[in-house]
Amino acid sequence: MIIVMDPNAPASAVDRVVAEIERMGSRAHLSRGEFRTVIGAVGEEGTLDQNHLASLDGVEKVVPIMKPYKLASREFHEEDSVVEIGGGSVPVVKVGGSHAACIAGPCAVEGEEMLYKIARHVRDGGATVLRGGVYKPRTSPYSFQGLGIQALQWMRACGDELGMPICVEVMDTRQVEQMEKYVDCFQIGARNMQNFDLLREVGKTRKPVLLKRGLSASVKEWLMSAEYVLSQGNRGVLLCERGIKTFEDSIRYSMDISSIPVARQWSHLPMIVDPSHAAGKRDWVGALALAGMAAGAHGVIVEVHYNPAEAQCDGPQALLPETFKELMGQLRQIAAVTKKEFSEAAVTAGA
Ligand code: PEP
Ligand code: MN
């Protein structure tokens, strides 16, 4: 349920409500709006005394949230959330509200030199966050599985050198602690969207989490997965539509454009689209990226390679650097129509 405080309720009243929620065995999550504070109380169903909370000083009203997801809902947080990726050794990139961002890079880090080459291309093309897989969720156990920790270290060094925060997929709870030291943003892959232990584990960190939609997950299930992360106190969830399984077999996955307005109405979380994995073929990546932005996304995550034929993973869908740059120009125009602006790359000395 959410506890809406009076606009002029003092901090002590907010503290008292939080203490009472915790005494009843639930967790309190604060959402400070422009005019008032809203407190989300979440815990096991049936453990909160609504009447008692409503009687406390400074409480305007107590509203049960009927939806199965609470902290992810618009009821809890009316305005769009703005998630910050980066900080520390790299600039902060904001995503959400009027802030759009482009995350780009190779599907997988295949070597140090190739990583730096692609990273420079995508940065020069307009990306502000670098992606690159180091543990790859491959359909076949005999396909390239990623270079692991070595690749993660290259990603960190490359991001630092080029002034780009890095976004890397985490596949297993056992990787979270180690990866947390390196990444600016965790990526949860489509196949792990309902790996609840993993969601809880990244939820315990304070690094943003890009949550891909599962291959056959409904928007509601996707938001429930976001709720797992949020319920651990991590506020930085970004939703990512990457296409779902349908009967259509002309394309790798069907990008569900309608999920964008639906999820944006139901939730305050930023929305990113991944046209690369939906299309599976570079010819269609641009159109899907533009459609996603036009439908209200806050940015894209795109795979790029200068020599896709030699890519160990997802070569057919990788954009060539010049095509990527051209697409960024078009995306900026669509963003202007939907009242968003892409972040600009930071200029770093000698990079
Ligand atoms: C990826 O981003 O490289 C990836 C494997 O994506 P997905 O989980 O959407 O298939
Ligand atoms: Mn890929």
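**Note on packing, ligand contacts and backbone geometry**

1. *Asp 314.* This residue sits in the loop between β14 (299-303) and α11 (321-337). The model is a predicted one. Asp 314 is not a glycine, yet its phi is positive, at about 60°. Most residues other than glycine have a negative phi. Asp 314 is buried, because its relative accessible area of 16% falls under the 20% limit.

2. *Lys 339.* A positive phi, near 60°, also occurs at Lys 339, again a residue other than glycine. Lys 339 belongs to the loop between α11 and β15 (341-342). With a relative accessibility of 69%, Lys 339 counts as exposed, whereas Asp 314 is buried.

3. *Nonpolar cores.* The largest nonpolar core holds 75 residues, and the members touching the most others are Val 122, Leu 130 and Phe 324. This core takes at least three residues from each of domain 1 (2-63) and domain 2 (83-342). Apart from it lies another core, of 17 residues, including Met 1, Ile 21, Val 59 and Val 62.

4. *Surroundings of Val 122.* Neighbours within four places in sequence being set aside, Val 122 is in contact with Ala 104, Gly 105, Ala 127, Leu 130, Met 164, Val 304 and Phe 324. Two of these, Leu 130 and Phe 324, are named with Val 122 as the members of the largest core that touch the most others.

5. *Helix α8.* Which residues of helix α8 (residues 259-266) are buried? They are Ser 259, Ile 260, Ala 263 and Arg 264. Viewed down the axis of α8, these buried residues fall within an arc of 125°, so they line one face of the helix. An α-helix has 3.6 residues a turn, so residues three or four places apart point the same way.

6. *Ligand 1.* Ligand 1 is surrounded by 13 residues, of which the closest are Arg 131, Ala 190, Arg 191, Lys 212 and Arg 242. A polar backbone atom of Ala 190 is 2.8 Å from an oxygen atom of the ligand. For Arg 191, a polar side-chain atom lies 2.8 Å from an oxygen atom of ligand 1. An N or O atom in the side chain of Lys 136 is 2.9 Å from an oxygen atom of ligand 1.

7. *Glu 20.* Glu 20 is placed in helix α1 (residues 11-23). Glu 20 is buried, with a relative accessible area of 9%. Residues up to four places away in sequence not being counted, Glu 20 touches His 52, Leu 53 and Leu 56.

How values were computed: Residues numbered from 1 in each chain as written. Chains lettered and ligands numbered in written order. Predicted model: local features only at pLDDT ≥ 70, side-chain atom pairs only at ≥ 80, totals over all residues. Heavy atoms only, no water. Buried < 20%, exposed > 50% of the residue type's maximum accessible area, 1.4 Å probe, protein only. Helix = DSSP H or I, 4+ residues; strand = E, 2+ residues; numbered from the N terminus. Arc of directions from axis to C-beta. Core = buried A, V, L, I, M, F, W, Y, C linked by side-chain atoms within 4.5 Å. Domains from an automatic or database assignment. Contact = heavy atoms within 4.5 Å. Near = heavy atom within 4 Å. Polar contact = N/O pair within 3.5 Å; in protein donor to acceptor, adjacent residues only side chain to side chain.
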